[in-house]
Amino acid sequence: MQEKTNDLLKATPEQLLYARILEKGMYLGLLILFITYALYVFGIMDPYIPLDKLSNYWSLSVHDYLEHTGIKAGWAWLGMLNYGDFINFIGVALLAGVTIMCYAAIVPTLLKSKDTAYAVLAVIEVIILSAAASGILAVGH
Amino acid sequence: MGKNGKLWVIILICLFSLPVLISPAFADVSAEAASNGHAWWFWPIVLFIVTFIMGIFAVLGGVGGGVLYVPIISGFFPFHLDFVRGTGLLVALSGALAAGPGLLKMNLASLRLAIPVALIASTCAIIGAMIGLALPTNIVQISLGATILGICVLMLTAKKSEVPDVPKADRLSSALNICGIYQEASTGEIIDWKIHRTPLGLALFVIIGVMAGMFGLGAGWANVPVLNLLMGAPLKISVATSKFLLSITDTSAAWIYMNKGCVIPMMVVPSLVGIMLGSLVGVRLLKIAKPTFIRWMVIAILAFAGIKALSKGLGF
C-alpha cells in the first residue's frame with residue numbers, strides 16, 4: 001500500500017521527460033541569449049540598426065518600424081544573423097520553441113503507455129504551436 | 001542593522017525609485033532626451049532597474065511578471081505597445097520556463113491537467129494575438145486598461161481554497177483521468193485530488209487565452225482562480241500548473257508577435273534579466289516581508305497603471 005502511494009506521488013515518465021527537455025532547452029536558450037546580447041551591446045558584432053539610432057524606432061508601431069528600418073517580418077531574421085541585433089533571435093527562438101520539442105518528445109511515451117487520447121492532444125498541440133511558429137498565421141494593422 | 005531594517009531600506013528605496021522611474025514626466029523628458037543624443041544604454045539600464053524592482057514586487061505580491069510589465073512599461077515608457085506586448089510575453093514565458101521543470105519534477109504541476117487546458121488556451125492565445133495586432137493601438141490600450149482594473153478587482157475579491165471539496169469527478173475529467181496525489185510538505189498529509197466542472201473550466205480558458213495573447217499578459221491571475229475555485233484542483237496544484245501552463249500559452253502568442261516583428265532585443269534581455277534577478281531577491285525577501293501590505297501595494301500600482309493605460313488609450 002505504502003509502496004503504491006509512493007509510486008503515485010512520483011511524476012509520470014512523460015512528465016519527467018517533458019521536464020528534462022524543458023530544463024535543458026531553457027538553460028541553453030538563456031545562455032545563448034546572454035552571449036549574443038553581449039556580442040551585440042559590447043559592439044563585437046555590428047548591429048543592423050546602430051545602437052544610437054534605436055531610440056528613434058521603438059516608439060513607432062511595428063508596421064512603421066518595419067517600414068522605416070527595412071526589416072522584413074517572419075523568419076527573415078535567419079538571413080540577418082551576421083548582425084549583432086539579429087543574432088539575439090537565436091536564443092529567443094529557442095526559448096519559444098522548446099515547448100514544441102517537449103510535446104513532440106512525449107508522444108512516443110504516451111503511445112507506449114496506450115494513452116492514445118493524450119498522444120492525440122499532444123500531436124494537435126505540436127501542430128498548433130508549429131503553425132504559430134511558422135509565420136503562416138501572421139496578421140496585423 | 002537587523003534583517004527587518006535591511007528589508008525596510010530596500011522597500012523604501014523601491015518605493016521612492018519606482019514612482020520616479022515610471023512617472024510620465026520622467027518618461028517624456030527622457031524620451032525627448034534620448035532622441036536628442038542621450039547615450040544608447042540609458043533606456044536599457046532604466047528598463048533593467050524597473051524590471052528588477054518589478055520582479056521583487058511580483059513575487060511578494062503573488063503575481064506574474066507579465067501582468068505588471070505590460071501596463072507599467074506601456075504606460076510610462078517611450079516604447080510602443082506592440083513591442084511591449086511582445087517583450088511582456090517573453091518575460092512571462094521565461095519565468096514559466098524557469099519554474100516549469102522543477103514544478104513538473106516535484107509533481108506539483110500536473111501535465112495531465114495542463115495538456116487539455118493548454119491546448120485550448122494556446123489556440124485562443126494565437127487568436128488573441130492576431131486580434132490584438134489587427135486592432136488599432138488605442139483600442140488595445142483602452143481594453144488593456146479595463147482588463148488591468150478588472151484584475152485589481154479580482155485580486156481584491158477572489159478567495160482561495162487550499163483543498164477544495166470535490167465530491168465527484170465529472171465525466172470528462174474521469175475519461176481523461178485528470179487526477180493526482182501529492183504530499184503537503186508542511187503537514188506530511190497525502191492529498192488525493194480530482195477535478196469537476198471541466199467543460200465550464202475549459203470554456204473559460206477560451207477567454208483567458210484570448211486575453212493573454214491580445215495583451216501580452218501572463219494569465220496566472222485568471223488561471224489560478226479557474227483551476228482552484230471552479231475546477232476544484234488544490235491550491236498548490238493550481239498555482240504550479242498555472243505557472244507551467246504559461247510556458248505553453250505564451251509560447252503560441254510569442255511566436256505570433258515575433259513573426260510580426262514585435263521583438264527588439266535591446267528591450268528583451270534587460271527586461272528578462274531584471275525580472276529574473278528581482279524574482280530571486282523577492283523570494284529571499286518573502287520570508288520576512290509582510291505579504292498583505294505588499295499585495296495592497298501591487299494592487300495600487302496595477303490600478304494606477306490600468307488608469308494610465310485607459311487615459312493613454314482615450315488620448316487624455
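1. Helix 5 of chain B and helix 12 of chain B are oblique to each other. The basis is an angle of about 40 degrees between helix 5 (residues 81–105) and helix 12 (residues 265–286) of chain B, whose axes lie 10 Å apart. This description, like the points that follow, refers to a predicted model. The crossing of these two helices of chain B is right-handed.

2. The residues behind this packing can be listed. Helix 5 of chain B contributes Phe83(B), Thr87(B), Leu90(B), Val91(B), Ser94(B), Gly95(B) and Ala98(B), which meet Met267(B), Val268(B), Ser271(B), Leu272(B), Ile275(B), Met276(B) and Ser279(B) of helix 12 of chain B. By class, the contact of helix 5 with helix 12 of chain B comprises 9 nonpolar and 5 polar residues, with no charged residues.

3. For chain B as a whole, the model contains 13 helices and 2 strands. Of the 316 residues in chain B, 57% are buried. Among contacts in chain B between residues at least 6 apart in sequence, those joining residues at least 24 apart account for 84%.

4. Helix 4 of chain B is mostly covered, with 12 of its 12 residues buried. Among them are Gly65(B), Tyr69(B), Pro71(B), Ser74(B) and Phe76(B).

5. In chain A, the axes of helix 4 and helix 5 come within 9 Å and cross at roughly 160 degrees. The two helices of chain A are therefore roughly antiparallel to each other. Helix 4 of chain A passes helix 5 of chain A in a left-handed crossing. The residues of helix 4 of chain A in this contact include Gly97(A), Ile100(A), Tyr103(A), Val107(A) and Leu111(A), and those of helix 5 of chain A include Tyr118(A), Ala122(A), Glu125(A), Val126(A) and Leu129(A). The contact of helix 4 with helix 5 of chain A has 14 nonpolar, 3 polar and 1 charged residues.

6. Val123(A) lies in helix 5 of chain A and takes part in the contact with helix 4 of chain A. Val123(A) counts as partly exposed because it has 15 C-beta neighbours inside 10 Å. Its C-alpha atom is separated by 15 Å from that of Ala133(A), 10 residues apart along the chain.

7. Helix 4 of chain A (residues 88–112) also packs across the chain boundary: its axis and that of helix 11 of chain B (residues 235–260) come within 8 Å and cross at roughly 135 degrees. That angle makes helix 4 of chain A oblique to helix 11 of chain B. The crossing of helix 4 of chain A with helix 11 of chain B is left-handed. Val92(A), Ala96(A) and Thr99(A) meet Ser247(B), Ile248(B), Thr251(B), Ala254(B), Trp255(B) and Met258(B). This contact of helix 4 of chain A with helix 11 of chain B has 6 nonpolar, 3 polar and no charged residues.

8. The contact takes 55 residues from chain A and 58 residues from chain B. On the side of chain A that touches chain B, helix 1 (2–9), helix 2 (13–41), helix 3 (62–69), helix 4 and helix 5 (116–134) of chain A each supply at least two residues. Helix 2 of chain A gives the most, with 11 residues. The side of chain A that touches chain B divides into 36 nonpolar, 13 polar and 6 charged residues.

Methods: Residues are numbered from 1 along each chain as its sequence is written. Chains are lettered from A and ligands numbered from 1 in the order in which they are written. This is a predicted model: local features need pLDDT of at least 70, side-chain atom pairs count only at pLDDT 80 or more; totals for chains, interfaces and linings use all residues. Axes are lines fitted to C-alpha atoms, for helices over the stretch in contact, and angles run from 0 to 180 degrees between N-to-C directions. Helices (H or I, at least four residues) and strands (E, at least two) are DSSP runs, numbered from the N terminus. Angles under 35 degrees count as roughly parallel, over 145 as roughly antiparallel, 65 to 115 as roughly perpendicular and the rest as oblique. A crossing is left-handed if the near helix is turned anticlockwise from the far one by less than a right angle, and right-handed if clockwise. Two residues are in contact if their C-beta atoms, placed from the backbone, lie within 7 Å. Ala, Val, Leu, Ile, Met, Phe, Trp, Tyr, Cys and Pro count as nonpolar, Asp, Glu, Lys and Arg as charged, and the others, Gly among them, as polar. A residue is buried if 20 or more other C-beta atoms lie within 10 Å of its own, exposed if 12 or fewer, and partly exposed in between; C-beta atoms are placed from the backbone.
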